Amino acid sequence: MALSRKQKKELKKFKKHASDLWTEQREVLGHAGKVLVDVRDAGVKAANKEVVPRVRSAVDNNVRPAVSTGLAAGSKYATKAQDRLKHDVYPSVQSYLNGLDITNDPKVQKAVKNAKKQGAKVAKKYAPAPKKSGPGVGGVLLIGVGVIALGALVFAAVQTLRADDELWVADDDADTKA
């Protein structure tokens, strides 16, 4: 598509305006970034100076005492409940169950068996596996091979370094016999 001179001039003028506008926008965005950094720093300083001490004070004065009071009360009532369970409920249930002969009931025996199975499954799942102690079969075999090799090495060294009088033949004896 061919453009007239006038259209080319206008297009060139628009390109220049767009380029100038783009340059100005980059400068504005750069300045805005600097302003945001300054605002962030000022916000952090203000928060550290004003907000953090107020939050600490609120936690120290309101939250911690309420939590410690709640824990103390909970502990007190848990101790009372445990005491009631030991001294009131458990003896009553035990005396009632002693009056019944439920140990020979097949349903109870089945329930106990199932409980043992489930307990074993849970224990197997959550209890840590016993750690192996000591070397395994391969370790024992390697130790044995090492001991044998060390023994062979010592034997060879002793055989090499021993003073054996029978191995040496004196030159004088060979001359006198001949």
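Trainee: Which residue forms a salt bridge with Glu-50, and how far apart are the closest N and O atoms?
Mentor: Glu-50 pairs with Arg-54, and their closest N and O atoms are 3.9 Å apart. Please keep in mind that this is a predicted model.

Trainee: Where do Glu-50 and Arg-54 lie?
Mentor: Both residues belong to helix α1, where they are four residues apart, or about one turn of the helix.

Trainee: Is Arg-54 buried or exposed?
Mentor: Arg-54 is exposed, since its relative accessible area is 61% and the exposed class begins over 50%. Glu-50 has a value of 39% and is therefore partly exposed.

Trainee: How many salt bridges does the structure hold?
Mentor: The structure holds five salt bridges. Among them is the one between Lys-16 and Asp-20, with the closest N and O atoms 3.5 Å apart.

Trainee: How many residues apart are Lys-16 and Asp-20?
Mentor: They are four residues apart in helix α1, which is about one turn of the helix. Lys-16 counts as exposed because its relative accessibility is 55%. Asp-20, at 34%, is partly exposed.

Trainee: What about Arg-40: which residue is its salt-bridge partner?
Mentor: The partner of Arg-40 is Asp-41, and the closest N and O atoms of this pair are 3.3 Å apart. Arg-40 has a relative accessibility of 52%, so this residue counts as exposed. Asp-41 is partly exposed, with a relative accessible area of 34%.

Trainee: Changing topic, which residues make the nonpolar surface patch?
Mentor: The patch is formed by Val-51, Val-55, Val-59, Val-63, Val-67 and Leu-71, and its area is about 490 Å².

Trainee: Where does Val-67 lie?
Mentor: Val-67 is part of helix α1, which covers residues 5-99.

Trainee: What percentage of the residues count as buried?
Mentor: Of the 178 residues in the protein, 1% count as buried.

Conventions: Residues are numbered from 1 along each chain as its sequence is written. This is a predicted model: local features need pLDDT of at least 70, side-chain atom pairs count only at pLDDT 80 or more; totals for chains, interfaces and linings use all residues. Side-chain values use heavy atoms; hydrogens and water are left out. Buried means under 20% relative accessible area, exposed over 50%, partly exposed in between (1.4 Å probe, protein chains only). Patches are made of residues with over 30% relative accessible area and no salt bridge: like charges are joined within 9 Å, nonpolar side chains (Val, Leu, Ile, Met, Phe, Trp, Tyr) within 5 Å. Accessible areas come from the Shrake-Rupley method with a 1.4 Å probe; for residues, only the protein chains shown count as cover. A salt bridge is a side-chain nitrogen of Lys or Arg within 4 Å of a carboxyl oxygen of Asp or Glu. Helices (H or I, at least four residues) and strands (E, at least two) are DSSP runs, numbered from the N terminus.
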